[in-house]
Amino acid sequence: MADKPSGKAASVDREAKLVDPTQGIPEPSYSWRGLTNEWGVKVLPGAHGLRLGDVNVGSYGEVPDYWADQTRRPRGSVGRPGIPPLPYSLRSKHELWADCAADLYEEAIQRRWIPATEVPWDSLEVLPVDIEKAVCQMCTELSQCANTELEIITYWQDRMSYGYFEVKQYLATATFDCARQQEVLRKRALSNGGGLGIESRGRVNRIILESSGGWTEAVVYLYLLRGTYITRLLSGLLSAAHNEAEVFIYSHMLEDHARHLTYGYDHLKYASSHGKDATLIMQTLLAVGEGHMAAELNEGVVSTAMAIIFGGGIEGARTHGMERYLLLVRDFITDYLAICQELGIEREKTLHPVFKRYLENE
Amino acid sequence: MSEATEIPREHELDTSWMDNMAEWGVTAKPGKRGLTLADVQIGSYADLPAISDNMTGRPRGSTPRAEAYRVGAYQVHTLSEIWLDNAEYLYEEALQRQWSSATDIPWHTLKPLPDDVEEAECLLCTFFNEVEFVAGDVPARWIARTTPDYLEARNVLSAQVMDEARHMDVFRKRALANGGGLMRMSGATSGFVGSIDLARDFTEMSTRLHISGEGAVLTMFRMGELFGQNDAEKTMYRLCAQDEARHVAFGVMHLRCLGDTAPERREEIECYLDEAEEQLIAGQQNPAGRQSESSEALAVLLGGGSQHYDEGHKKLLVIRRRQLKEYMKRVISAGFTDRFENGRSPIPAQYAATA
């Protein structure tokens with residue numbers, strides 16, 4: 001039995017009956033019928049629903065190495081000659097691809113969270129002023145990092161060809177993640193008797209935002225160099241969280257950030273194995289980038305703020321707080337070198353001297 | 001074993017930044033809807049600069065540093081260019097109403113359809129797969145160009161980028177899940193002068209994208225119950241309509257704000273509306289428009305098959321009529337009523353002709 005039309009449907013039915021018959025109904029051309037490259041596709045949902053990667057079947061799953069089309073033609077659909085191009089400048093697969101993009105897209109959607117209602121804000125309790133200042137300063141710093149990530153992704157996003165839509169879609173989730181990170185950090189800073197701190201000088205933000213030669217170059221700085229450090233910062237903050245609200249915030253930021261790094265490392269892996277001289281270029285970029293990162297590490301703001309958080313106040317910061325932060329930096333550089341090695345980028349021999357000093361710190 | 005106590009190293013600390021915190025002593029409290037962005041618009045942190053001098057990407061309200069690098073060459077740095085009064089609410093709503101095309105669509109309700117109906121649905125899905133991410137690509141570009149001082153508005157645009165990715169994805173999934181496939185692209189959103197993509201001003205872009213483009217699509221999505229052939233499709237259109245309504249609201253509220261705060265730009269906005277109205281029913285960007293192939297497909301779906309094309313076409317005319325009516329309501333709500341009363345706009349006449 002057919003469903004009874006709802007209010008909206010019934011009202012359209014009524015209005016349709018009143019359409020002036022003299023208006024005439026144009027004869028349909030049906031010129032679009034039968035125009036397909038592949039028909040008869042029937043993808044069924046699996047245990048995790050119908051995922052983006054599931055519909056990569058037949059010709060629809062063929063991802064070419066070069067996508068010449070500068071229109072918004074969906075991959076696998078029939079083109080139309082004479083369409084003016086759009087300025088899609090990233091048209092080679094090695095410039096943006098990561099095999100995991102479709103999976104990360106679905107994961108980001110499944111793991112969405114809502115700062116307003118899911119963070120247990122009522123668990124916040126007044127902290128000693130020095131610790132509150134340190135937490136608020138870290139919120140300010142990390143918010144600016146998220147802002148840089150947001151701005152560089154959105155700068156590149158509309159330059160990426162439709163042929164690699166999985167990456168565009170994944171990056172849409174990363175865009176949203178960055179906006180949420182800025183939001184939640186602002187909320188934390190302004191909800192416990194504190195306020196925002198002083199802005200970052202922005203050395204590393206600058207090299208990320210100025211890497212306009214290609215998206216891969218931005219990824220080298222954004223994820224391999226700075227992102228690896230941010231993971232360690234977030235892990236450190238999580239381990240020293242003062243209340244359930246902070247536990248929730250840092251653990252969820254870490255989850256988001258882990259996805260971003262997964263894309264970043266996976267893309268660099270693809271780029272290094274498919275792009276001409278890619279690893280040599282990455283090596284050069286990192287040699288320069290390490291210098292900026294080293295200068296940023298040597299600035300006192302983040303190190304002191306983290307030491308205060310680790311040390312439970314200024315006094316503890318002078319001793320075990322700072323020691324713990326130095327170990328954090330050592331762990332970051334160890335991670336960084338391991339990933340470089342995995343990607344085939346030689347960094348150990350010519351590692352920046354400041355990085356070496358942090359590594360040697362026992 | 002030595003019993004000597006290990007004395008930890010003592011480190012010098014640079015605590016000068018602790019004397020340079022921004023406004024201190026702020027305690028925003030969560031309300032009925034949790035701790036929202038509106039709740040943290042408090043004290044000086046709520047102060048929105050009419051013209052932003054933030055060229056370093058610092059969070060609004062934080063303490064500036066004289067030696068910070070000017071890395072943000074933000075094109076949009078005047079409040080009236082992008083602001084809207086309810087941005088924080090739209091953003092929070094977007095967070096609350098996220099959905100998953102993988103698990104929230106009842107895909108199991110898809111059943112084999114007659115060939116003409118499946119082809120019509122697949123053509124419509126191809127159209128949406130193609131055009132939905134215009135509204136992702138373009139707002140993304142404007143996020144990067146907008147000062148973070150206007151973070152509430154930027155965050156709404158970030159949510160829109162996310163929404164559009166999901167729309168692009170759900171229509172692709174539908175096209176490939178029921179024995180069909182993608183069909184021929186429309187080319188409706190390519191690089192023509194006066195298109196959404198090529199606008200060099202945010203409000204011009206928003207007028208085209210949010211008010212006319214997405215407005216027309218919103219009316220159509222709301223009619224999804226009529227042309228959806230099963231619960232999967234009806235759910236898909238309903239959820240997309242929910243998202244689209246937020247995007248349209250952004251455009252309406254921004255236009256209202258601009259009209260109030262920058263009256264010198266009203267005539268320019270009227271010109272964008274003139275252009276948009278020429279294309280509203282005639283243009284290819286409206287899937288129910290007179291020139292688009294997808295309107296034939298819609299008539300097939302609305303009629304329940306090509307044998308009932310005429311009945312379907314009559315319903316299509318009703319949808320077009322609603323698109324015109326809802327468009328006028330939005331423009332009136334944005335504060336541009338005069339154009340419908342002084343004969344400037346062709347829409348009232350078009351609307352009357354469809355009666």
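Where in chain A is A:Asp277 placed? A:Asp277 sits in the loop between H8 and helix H9 (278-298) of chain A, where helices (H or I, at least four residues) and strands (E, at least two) are DSSP runs, numbered from the N terminus. This is a predicted model, in which local features need pLDDT of at least 70, side-chain atom pairs count only at pLDDT 80 or more, and totals for chains, interfaces and linings use all residues. Residues are numbered from 1 along each chain as its sequence is written, while chains are lettered from A and ligands numbered from 1 in the order in which they are written.

**The contact between the chains**

- Between the two chains, 104 residues of chain A are in contact with 104 residues of chain B, two residues being in contact if their C-beta atoms, placed from the backbone, lie within 7 Å.
- The elements of chain A that give two or more residues to the side touching chain B include helix H1 (7-17), helix H4 (129-157), helix H5 (165-189) and helix H11 (314-343), and the largest share of that side, 13 residues, comes from H4(A).
- Sorted by class, the side of chain A that touches chain B holds 44 nonpolar, 37 polar and 23 charged residues, where Ala, Val, Leu, Ile, Met, Phe, Trp, Tyr, Cys and Pro count as nonpolar, Asp, Glu, Lys and Arg as charged, and the others, Gly among them, as polar.

**A:Ile198, a loop residue of chain A**

- A:Ile198 lies in the loop between H5 and H6 of chain A, and A:Ile198 counts as buried because 22 C-beta neighbours lie inside 10 Å; a residue is buried if 20 or more other C-beta atoms lie within 10 Å of its own, exposed if 12 or fewer, and partly exposed in between, with C-beta atoms placed from the backbone.
- Residues up to four places away in sequence aside, A:Ile198 touches A:Thr140 and A:Val301 as well as B:Trp17, B:Asn20, B:Met21, B:Ser62, B:Thr63 and B:Arg65.
- From C-alpha to C-alpha, A:Ile198 and A:Val301 are 9.0 Å apart in space, although 103 residues apart in sequence.

**Helix H2 of chain A**

- H2(A) is mostly covered, with seven of its ten residues buried, namely A:Ala101, A:Ala102, A:Leu104, A:Tyr105, A:Glu106, A:Ala108 and A:Ile109.
- The buried residues of H2(A) pack against H5 and helix H8 (244-274) of chain A.
- The axes of H2(A) and H8(A) come within 10 Å and cross at roughly 170°, where axes are lines fitted to C-alpha atoms, for helices over the stretch in contact, and angles run from 0 to 180 degrees between N-to-C directions.
- H2(A) and H8(A) are therefore roughly antiparallel to each other, given that angles under 35 degrees count as roughly parallel, over 145 as roughly antiparallel, 65 to 115 as roughly perpendicular and the rest as oblique.
- On the H2(A) side, A:Ala101, A:Leu104, A:Glu107 and A:Ala108 meet A:Arg259, A:Thr262 and A:Tyr263 in H8(A), a contact that has four nonpolar, one polar and two charged residues by class.

**Other loop residues of chain A**

- Most residues other than glycine have a negative phi.
- A:Asp277, which is not a glycine, has a positive phi of about 60°, and A:Asp277 is exposed because 10 other C-beta atoms lie within 10 Å.
- A:Tyr30, likewise not a glycine, has a positive phi of about 50°; A:Tyr30 is found in the loop between H1 and H2 of chain A and is partly exposed, with 16 other C-beta atoms within 10 Å.
- A:Ser59 is placed in the loop between H1 and H2 of chain A and is exposed, with 12 other C-beta atoms within 10 Å.
- Apart from its neighbours within four places in sequence, A:Ser59 is in contact with A:Asn37, A:Glu38 and A:Gly76.

**The nonpolar core and chain B**

- The largest nonpolar core has 222 residues, and those with the most contacts inside it are A:Val167, A:Val220, A:Ile309, B:Val156 and B:Leu298; a nonpolar core is a set of buried Ala, Val, Leu, Ile, Met, Phe, Trp, Tyr and Cys residues joined through C-beta atoms within 7 Å.
- Helix H7 (residues 215-239) of chain A gives the most to this core, with 14 residues.
- B:Val156 touches B:Ala87, B:Leu90, B:Tyr91, B:Ala94 and B:Phe250, not counting residues up to four places away in sequence.
- Chain B has 13 helices and zero strands, and buried residues make up 57% of its 355 residues.
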